Amino acid sequence: MRLQGYISQSQRGLNQSIGAMHMQMELMGVAQENINGFDKIGYQRKDGVVSSFAEYIGIHGVSKAVDDSVGRIARTDKPLDFAIGEKGYFQLLNNSGSVELTRDGRFKINEKGELLGLENQKVLTQGGSPIVLPFTPEKYEDVRVDGNGRLCIFNPATRKMEYVDTIGVVSSDGNTVIEPNIKQGCLEFSNVSMAQEFLELVPLRRTFDANRQLFMIQNGALTKAIQQIGSA
């Protein structure tokens, strides 16, 4: 800040403090999103990533990186609940025709024998086609899925387990996961550690408070300078 019969403000003054606070708020928002997702099935933790040019482009320099490590697996004993024991995603075909990737394995079967996700998306096979059972099972316990995703159904007419298809599990770049280690009767909760999130919030809040104090000091100095010029 310079006094030359008028007041001029440099980018390294108030604007820099405001930009830094916005950046910290974005990063704290990522941490808060992780905390909110702690108990969500299939939720994957996000890491806030700051670009090298963030000082020039502001909050647009903050992006999110997904932590694809396996989360907490809990047993539900429901035959149509599935968890993936390795890195990878189920493929779901939604009503708009696009494919969604998810680790939420809460499935159901409709009257047509289609295996569906929570929002009626169609669960896809390794080949990318919807899984359709030859008939609706009398009870869901008649459906069996092994660790590699091979789905079989008990046929009361033949008194045998009959192979239907293989549930497709792919990596984030679309490659097939050969041994997904699917666990039937289980669900995967988030891979978020509450202790880690709260620890990472501490330096973010301290940095935010430091920039806020700096802003207040600069703003006070600017206000005082304007008042003195006005009374001169």
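User: At what angle do helix α1 and helix α3 pack, and how far apart are their axes?
Analyst: Helix α1 (residues 14–36) packs with helix α3 (residues 194–231) at an angle of about 160°, and their axes are 9 Å apart. The model is predicted: local features need pLDDT of at least 70, side-chain atom pairs count only at pLDDT 80 or more, and totals for chains, interfaces and linings use all residues. Residues are numbered from 1 along each chain as its sequence is written, and side-chain values use heavy atoms, with hydrogens and water left out.

User: Is α1 roughly parallel or roughly antiparallel to α3?
Analyst: The angle makes α1 roughly antiparallel to α3 (roughly antiparallel means over 145 degrees, on a scale from 0 to 180 degrees between N-to-C directions).

User: Which residues make up that contact?
Analyst: The contact of α1 with α3 has 17 nonpolar, seven polar and three charged residues. Asp, Glu, Lys and Arg count as charged, and Gly is among the polar ones.

User: Changing topic, what is the strand order in the open sheet of three strands?
Analyst: The order is β12-β13-β14, with antiparallel pairing; two strands pair if DSSP finds at least two bridges between them. The edge strands are β12 (143–145) and β14 (160–166).

User: How many bridges join β13 and β14?
Analyst: Strand β13 (residues 150–155) pairs with β14 over six bridges. I153 has E162 in β14 as its bridge partner.

User: And T125, buried or exposed?
Analyst: T125 is buried, with a relative accessible area of 2% (buried means under 20%, exposed over 50%, with a 1.4 Å probe and protein chains only). T125 lies in the loop between β11 (122–123) and β12.

Key
Helix = DSSP H or I, 4+ residues; strand = E, 2+ residues; numbered from the N terminus. Parallel < 35°, antiparallel > 145°, perpendicular 65-115°, else oblique.
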